[in-house]
Amino acid sequence: MHSAVATTQASQGLVEMHVLLLKEPRDGASGPDPYIKELASHGHKATLIPVLSFKFVSLNTLSDKLFQPEKHGGLIFTSPRAVEAVKMCLEAEERREEWNSSAKDKWNSKSIYVVGKATAALGEDTNIPPLFFPCGSIKREVLPMALRGNGVPLETLTVYQTAEHPDLEKNLNNYFTEQGAPASVAFFSPSGVKFCLEAVRRLSGEQLTQIKFAAVGPTTRDAMAAEGLCVSCTAEQPTAEHLAAAIAKALQ
């Protein structure tokens with residue numbers, strides 16, 4: 001009932017509100033970001049400002065590891081960037097043959113974990129060679145600690161570095177100058193909070209208390225709360241649909 005009413009009002013142009021998304025654009029995406037699309041379906045206008053920039057590192061070392069599957073018990077991925085780094089190593093012409101003829105099948109016979117359901121049951125077999133975890137420079141220690149706590153050996157390699165986006169400050173200034181303070185600001189990572197919060201506070205001034213702050217998940221919410229932000233809503237799951245629904249509800 002509510003949503004139908006809200007949508008009708010939005011289509012009459014009564015309650016369109018501005019939402020600022022502090023996130024990276026979707027990788028290699030064509031067309032609008034799914035978060036912008038979902039918010040539009042609730043009648044809100046979203047703008048995306050990228051917070052982070054990424055630089056790949058140690059790709060030679062990564063390449064060597066990828067061609068030594070026998071030394072590892074499996075692979076762990078927790079980010080699209082790490083997958084991208086692996087892809088870059090495998091796109092190097094000279095090793096393509098070698099990958100297709102042997103290394104690929106050897107990895108495929110092992111466990112490949114993606115974040116979501118990393119399992120502690122691994123800990124029961126103590127003779128496994130270490131799992132290999134290509135990761136970013138800002139990785140949380142939760143996963144390595146959980147695995148080590150269960151006796152699972154882990155070898156990590158930093159394959160990309162995360163830094164503040166070079167245009168972040170400029171883009172935030174421009175946004176606030178042109179649009180004023182948004183009705184809602186959504187954070188997508190603890191690094192986003194670290195790099196943006198001070199500027200958002202400064203640029204919003206008096207209007208800071210009127211802004212509904214949204215978090216993509218519990219880790220980001222905790223980082224926001226630790227900075228003394230009042231978090232209006234947290235997405236039930238880190239998807240465009242869930243976050244857009246949470247923001248639309250908070251803005252009613």
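Start by selecting strand S6 (residues 131-136) and strand S7 (residues 154-164): the two run parallel and are joined by six bridges. The model on screen is a predicted one. To see one of these bridges, pick Phe 132, whose bridge partner in S7 is Glu 155.

S6 and S7 belong to an open sheet of five strands, in the order S3-S7-S6-S4-S5. The pairing in this sheet is mixed. Now highlight the two ends of that order, strand S3 (52-56) and strand S5 (111-114). Each has a single partner strand, so one side of S3 and one side of S5 are left without a neighbour in the sheet. Look along the sheet as well: on average, neighbouring strands are turned by 20° against each other, direction ignored.

Leave the sheet and turn to a pair of helices. Two packed helices are described by the angle between their axes and the distance between the axes. Select helix H7 (residues 168-179) and helix H8 (residues 190-204), whose axes come within 10 Å and cross at roughly 30°. Angles under 35 degrees count as roughly parallel, and H7 and H8 are therefore roughly parallel to each other. The crossing of H7 past H8 is right-handed.

Which residues make the contact? On H7, show Leu 168, Glu 169, Leu 172, Asn 173 and Phe 176. On H8, show Phe 195, Cys 196, Ala 199, Val 200, Arg 202, Leu 203 and Ser 204. Colour the residues of this contact by type to find eight nonpolar, two polar and two charged.

Key
Residues numbered from 1 in each chain as written. Predicted model: local features only at pLDDT ≥ 70, side-chain atom pairs only at ≥ 80, totals over all residues. Heavy atoms only, no water. Axes fitted to C-alpha atoms, helices over the stretch in contact; angles between N-to-C directions. Helix = DSSP H or I, 4+ residues; strand = E, 2+ residues; numbered from the N terminus. Parallel < 35°, antiparallel > 145°, perpendicular 65-115°, else oblique. Left-handed = near helix turned anticlockwise from the far one by under 90°. Contact = heavy atoms within 4.5 Å. Nonpolar A, V, L, I, M, F, W, Y, C, P; charged D, E, K, R; others polar. Pairing = 2+ DSSP bridges.
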